[in-house]
Amino acid sequence: MSERTVNERIVRSGGIVGPSVAETGFVWFWRIISIYCLMFGVLYWVRLIGVYDAPLWRFDRMPVYWQVTVSMLAVFYPFAASGLWMLASWAPVIWFICAVTEVIMYAVYPDLFGQRFAVVASHVCVALIYVAFRVRIFTQKKEAERQG
């Protein structure tokens, strides 16, 4: 929630009004997802630098399709994590790019990337929770406008 929105609510109501429970929950939801994105980013960096000793866990041993996706996700996930933590407006877009990329990797091309149902399911759950929060916040704002 932006500072402008909070100030508009204060002026309209004539008193001090804080964020709603849904808005506070939404902030903490994004902060939790931020930590989740940072962990995924670290995982992809581990793959890039070859800390873990397995055949496909070193950049020079990966097929080109893994090199491209791992490089992109190693950059985008930490970027999304920092943006989500700061509640930047662009951060959900970066998270969405990462999520769609991984869903395509593991659901559409399981023969190339392997099948990781837990990753796909977690991205779908996060997207559904995001939509639920946005709908609830929207309805709360509409109710507040009707009340004055």
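A residue counts as buried when its relative accessible area is under 20%. T69, at 12%, is therefore buried. Welcome to this structure, which is a predicted model.

**Around T69**
- T69 sits in helix α3, which covers residues 64-85.
- Its side chain reaches the backbone oxygen of W66 at 3.2 Å.
- Setting aside neighbours within four places in sequence, T69 touches M105 and F113.

- Y65, F96, V100, I104, V108, Y109 and L112 together make a nonpolar surface patch of about 600 Å².
- Helix α4 (residues 91-108) gives the largest share of this patch, with four residues.
- L112, one of the patch residues, belongs to helix α5, which covers residues 110-113.
- L112 has a relative accessibility of 34%, so it counts as partly exposed.

- A disulfide is a covalent bond between the sulfur atoms of two cysteines.
- This structure holds zero disulfides.
- C37 takes part in none, and the nearest cysteine sulfur, that of C98, lies 6.4 Å away.
- Two cysteine sulfur atoms must be within 2.5 Å to count as a disulfide, so the 6.4 Å between the sulfur of C98 and that of C37 is too far for a bond.
- C37 is buried, because its relative accessibility is 0%.
- C98 is buried too, with a relative accessible area of 0%.

Conventions:
Residues are numbered from 1 along each chain as its sequence is written. This is a predicted model: local features need pLDDT of at least 70, side-chain atom pairs count only at pLDDT 80 or more; totals for chains, interfaces and linings use all residues. Side-chain values use heavy atoms; hydrogens and water are left out. Helices (H or I, at least four residues) and strands (E, at least two) are DSSP runs, numbered from the N terminus. Buried means under 20% relative accessible area, exposed over 50%, partly exposed in between (1.4 Å probe, protein chains only). A polar contact is a pair of N or O atoms within 3.5 Å; within protein, one must be able to donate a hydrogen and the other to accept it, and residues adjacent in sequence count only if both atoms are side-chain atoms. Contact means heavy atoms within 4.5 Å. Patches are made of residues with over 30% relative accessible area and no salt bridge: like charges are joined within 9 Å, nonpolar side chains (Val, Leu, Ile, Met, Phe, Trp, Tyr) within 5 Å. Accessible areas come from the Shrake-Rupley method with a 1.4 Å probe; for residues, only the protein chains shown count as cover. A salt bridge is a side-chain nitrogen of Lys or Arg within 4 Å of a carboxyl oxygen of Asp or Glu.
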